[in-house]
Amino acid sequence: MAAALTCSATELGQRLAGATNSTAAAYYICSLFDEVQNKFTDATYAIDTTYLLFSSYLVFAMQLGFAMLCAGSVRAKNTMNIMLTNVLDAAAGGLFYYLFGYAFAFGEPSNGFIGRHFFGMNDFPMEGNDYSHFMYQWAFAIAAAGITSGSIAERTQFVAYLIYSSFLTGFVYPVVSHWFWSTNGWASAFNTTNLLFGSGVIDFAGSGVVHLVGGVAGLWGALIEGPRIGRFDHAGRSVTLRGHSATLVVLGTFLLWFGWYGFNPGSFLQILKPYNTGTYYGQWSAVGRTAVTTTLAGCTAALTTLFGKRLMSGHWNVTDVCNGLLGGFAAITAGCAVVEPWAAIICGFVAAWVLIGFNKLAEKLKYDDPLEAAQLHGGCGAWGIIFTALFARKAFVNEVYAEGRPYGLFMGGGGKLLAAHIIQILVIFGWVSATMGPLFYGLNRLKLLRISAEDEMAGMDQTRHGGFAYVYHDDDDQATKHGFMMRKVEPTNNNESPPIV
């Protein structure tokens, strides 16, 4: 521990006693001020690092949310399989992000396309690239892989999960994050020397970088695999294959909600940054505003989905509400730091209808995504990118990024930001399609992607993982049920005798 800083009036008086000592006194006073400044600098680094690490832990806790959400959304006979894939998304992703991913994403100096330094965390740490930054970015990388695993659930071979997860977190995702978040990225708003359309892309916490990447990857995986057995009948009509536990879905949703407060506000990376020295308002206020916009978008999307699906189906469906909530979060992630709270309500409202619309389209196209991951993260993520280009406020863009940047079209900022964001959507879709599409196609050709029909019907827990997660009976396994079975009794008129059960 550093020695306590003291200033003695007696000692200072002795130094100032004669003119010959004035220079020594000046040096002494300046050294005290330097030491004070150093202590403030140390405290700033410590506070910002602690803030970033805490945010990293929150984002990592989202993996538990993904695991619970996935487990509840699949049939019970595949519970162990989907839980194991979520664990391995984190484990395999951690190793490959350490070896390659972080270097491709943030290795400096580099070109605009890909990073070239810090492989295996070589020459680490340095200012701006500390261990806490690695932890935070790794938590983001495995979130993208977790999104993809939901799209191809209940029918994918285990080896395929390992291959795609390693490739996504070690190469595909890091390249995208380099483009939009690195100071050298060709479309990054942090690249001060060569800004795309004079603005760069404002994807603050990753509606495009994380959600659209994961959603497009899942889209190609599910398309190439095809739907689950029984998802559509012989006439092509949609058949609902319900997940086995709404309880786990709700638990996972709340865990993801909690983690999103590290995902979005944590993306500031530092909190002790004043905008105007000596006032109550600084980056800590922007962090709070970001938490508010995140909350409002999710809440609005949840309520919109609740009433929208009630009008369409006649039911109050908790699973739909949970997905709507998450769709609102995915959409607000890009602009959470640069929009007003009222705009976040608009974002969530539209996101709910985007998700409902894409789900309807998926049914018509006979596309099967057990967790609606491509529709939710891809569709709502793309809407969030467009929303930011429409509603980003000038003052907030100046605070978070730099003075004089283009801002939202509807806020009077012109169309440059919108043009940059349209390009972001196109290049992410193109890049992920060009990398993950051939990977899934190659795995399918090698018969490494989809399990056999027999294994799929029996469930992967029994055929691939040594037994079931727990004793259960699926709705479609009537023949295996033993003992008592409850059935629905319709209400009768008072004049009729009650049915025999």
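Q: How are helices α9 and α10 oriented to each other in this predicted model?
A: The axes of α9 (residues 318–332) and α10 (residues 341–364) cross at roughly 125° and come within 8 Å. The two helices are therefore oblique to each other. Angles under 35 degrees count as roughly parallel, over 145 as roughly antiparallel, 65 to 115 as roughly perpendicular, and the rest as oblique. Axes are lines fitted to C-alpha atoms, for helices over the stretch in contact, and the angles run from 0 to 180 degrees between N-to-C directions.

Q: Which residues make that contact?
A: On α9 they are Asn323, Gly324, Gly327, Gly328, Ala331 and Ile332, and on α10 they are Ala344, Cys347, Ala351 and Leu355. Contact means heavy atoms within 4.5 Å. These residues divide into six nonpolar, four polar and no charged. Here Ala, Val, Leu, Ile, Met, Phe, Trp, Tyr, Cys and Pro count as nonpolar, Asp, Glu, Lys and Arg as charged, and the others, Gly among them, as polar.

Q: What about α5 and α13, at what angle do they pack?
A: Helix α5 (residues 158–181) and helix α13 (residues 416–445) pack at about 160°, with axes 11 Å apart. That makes α5 roughly antiparallel to α13. The residues of their contact divide into 19 nonpolar, two polar and no charged.

Q: Stepping back, how many helices and strands are there?
A: The chain has 15 helices and zero strands. Helices (H or I, at least four residues) and strands (E, at least two) are DSSP runs, numbered from the N terminus.

Q: And how much of the chain is buried?
A: Of its 501 residues, 52% count as buried. Buried means under 20% relative accessible area, exposed over 50%, and partly exposed in between, with a 1.4 Å probe and protein chains only.

Q: Is histidine 377 buried or exposed?
A: Histidine 377 is buried, because its relative accessible area is 7%. The residue sits in helix α11 (residues 373–391). Leaving aside residues up to four places away in sequence, histidine 377 touches Phe66, Ile147, His211, Leu212, Gly215 and Ala330.

Q: What does serine 73 touch?
A: With residues up to four places away in sequence again not counted, serine 73 touches Gly243, Val249, Pro370 and Leu371. Serine 73 belongs to helix α2 (residues 22–73) and is buried, at a relative accessible area of 11%.

Q: What is the phi of aspartate 123?
A: Phi is near 60°, a positive value in a residue other than glycine. Most residues other than glycine have a negative phi, and most peptide bonds are trans. Aspartate 123 counts as exposed, at 57% relative accessibility.

Q: What should I know about the numbering and the cut-offs?
A: Residues are numbered from 1 along each chain as its sequence is written. In this predicted model, local features need pLDDT of at least 70 and side-chain atom pairs count only at pLDDT 80 or more, while totals for chains, interfaces and linings use all residues, and side-chain values use heavy atoms, with hydrogens and water left out.
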